[in-house]
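User: I have a structure to get through today and I'm new to this. Can we go over it together?
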Amino acid sequence: MTISIQRSHNGALQSYNVELENVTLLSVLNHIKTKIDPTLTYAHSCRSGVCGSCAVRVNGREVLMCEYKPKSGDCVEPIRNARVVRDLVVDSGHVERFNRTGSAWSEGSREESVKAEEMERIETQSDCILCASCYSACPVYAVNPDFIGPFALTRVWRYVNDPREQDASAKMAAVQTNGIWDCMLCGECVPVCPQGIAPKQDITMLRTKASVMGYQDPNAATAFGGGLDFGSPVF
Ligand code: SF4
Ligand code: SF4
């Protein structure tokens, strides 16, 4: 097969011919690196879809190299919205930064056992492998680098929804600016997640919870000239 890979030293696609079929993209890249071009640079670790370090884009869609099986004609690029270190390696430090911004951790939680059904409510969100594919796909993060973003907001919902969390008010306050109300609910972050996490739905749940806690969508207030006015009742 022939695949093209985005190189960083010249900003161009480079084609490679390999005699491999029905193997993962990671196997193909390992073959290229050891047999054809030792300068090709990419990141990987666990080789089993657990560490999240090998996310790239193939034909414009985010995949894990250790899970995706390439076909001839594929175009491989680094994930978007992250600084390219070299070739397919990007700096994913923004994920950790936004975890801090959103206070996405357990804080002041009650020391008591949790029922299995209560853990099921937050199980999916706990499965994130920090691959940053959702940030790569997010059109809001693409234009606003301060947007807390899909993964970190999902994680905030995981802790807000944790039955041991005694007070979610600090977390909810932390996601009001560049957070839940800035998401356009496009859903682009959902199909790219290798773990089946749906940040859009989690952000929707955070919005509902925020409304119950007395927060308002600032964009809605702006759109209606600074205050909601539904006019006079019609009889
Ligand atoms: S649903 Fe929200 S977080 Fe997800 S990609 Fe769209 S704008 Fe980004
Ligand atoms: S939510 Fe999914 S796509 Fe986003 S970083 Fe976590 S595992 Fe990756």
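User: What distance separates the centres of domain 1 and domain 2?
Analyst: The centres of domain 1 and domain 2, taken over C-alpha atoms, are separated by 29 Å. Before going on: this is a predicted model, where local features need pLDDT of at least 70, side-chain atom pairs count only at pLDDT 80 or more, and totals for chains, interfaces and linings use all residues. Residues are numbered from 1 along each chain as its sequence is written, and chains are lettered from A and ligands numbered from 1 in the order in which they are written.

User: Ok, and where do domain 1 and domain 2 lie in the protein chain?
Analyst: Domain 1 covers 2-90 and domain 2 covers 93-221. The bounds come from an automatic or database domain assignment.

User: How many residues of domain 1 are in contact with domain 2?
Analyst: 14 residues of domain 1 are in contact with 13 residues of domain 2. Two residues are in contact if their C-beta atoms, placed from the backbone, lie within 7 Å. On the side of domain 1 that touches domain 2, β3 and β4 each supply at least two residues, and β4 gives the most, with three. By class, that side has six nonpolar, three polar and five charged residues.

User: What counts as nonpolar? And how do you decide what a strand is?
Analyst: Ala, Val, Leu, Ile, Met, Phe, Trp, Tyr, Cys and Pro count as nonpolar, Asp, Glu, Lys and Arg as charged, and the others, Gly among them, as polar. Helices (H or I, at least four residues) and strands (E, at least two) are DSSP runs, numbered from the N terminus. The protein chain has nine helices and seven strands.

User: How do β3 and β4 run, parallel or antiparallel?
Analyst: Strand β3 (residues 55-58) and strand β4 (residues 61-64) run antiparallel, joined by four bridges. Two strands pair if DSSP finds at least two bridges between them. Val-56 stands opposite Val-63 in β4. The two strands form a hairpin with two residues between them, and Asn-59 in the turn has a positive phi of about 50°.

User: Which residue of β5 is the bridge partner of Val-56?
Analyst: That partner is Pro-78. β3 and β5 pair in the antiparallel sense over three bridges, whereas β1 and β5 run parallel and are joined by two.

User: Which residues are on the covered face of β5?
Analyst: Val-76 and Pro-78 are on the covered face, and Cys-75 and Glu-77 on the uncovered one. In a regular strand the side chains alternate between the two faces of the sheet.

User: Switching topic. Which residues have the most contacts inside the largest nonpolar core?
Analyst: They are Val-56, Leu-64, Met-65, Cys-134, Leu-153, Val-156 and Leu-206, in a core of 50 residues. A nonpolar core is a set of buried Ala, Val, Leu, Ile, Met, Phe, Trp, Tyr and Cys residues joined through C-beta atoms within 7 Å. A residue is buried if 20 or more other C-beta atoms lie within 10 Å of its own, exposed if 12 or fewer, and partly exposed in between, with C-beta atoms placed from the backbone.

User: Which element gives the most to the largest nonpolar core?
Analyst: α6 gives the most to this core, with seven residues. The core draws at least three residues from each of domain 1 and domain 2.

User: Why is α6 said to be largely enclosed?
Analyst: Eleven of the eleven residues of α6 are buried, so the helix is largely enclosed by the rest of the structure. What covers those buried residues includes α2 (93-101), α3 (116-123), α4, α7 (169-174) and α8.

User: And the ligands? Which residues are closest to ligand 2?
Analyst: Cys-128, Cys-131, Ser-133, Cys-134 and Cys-193 are the closest of the 17 residues that surround ligand 2. A residue is near a molecule if its C-beta atom, placed from the backbone, lies within 6 Å of it. The largest share of that shell, three residues, comes from α6. The shell has 13 nonpolar, four polar and no charged residues.
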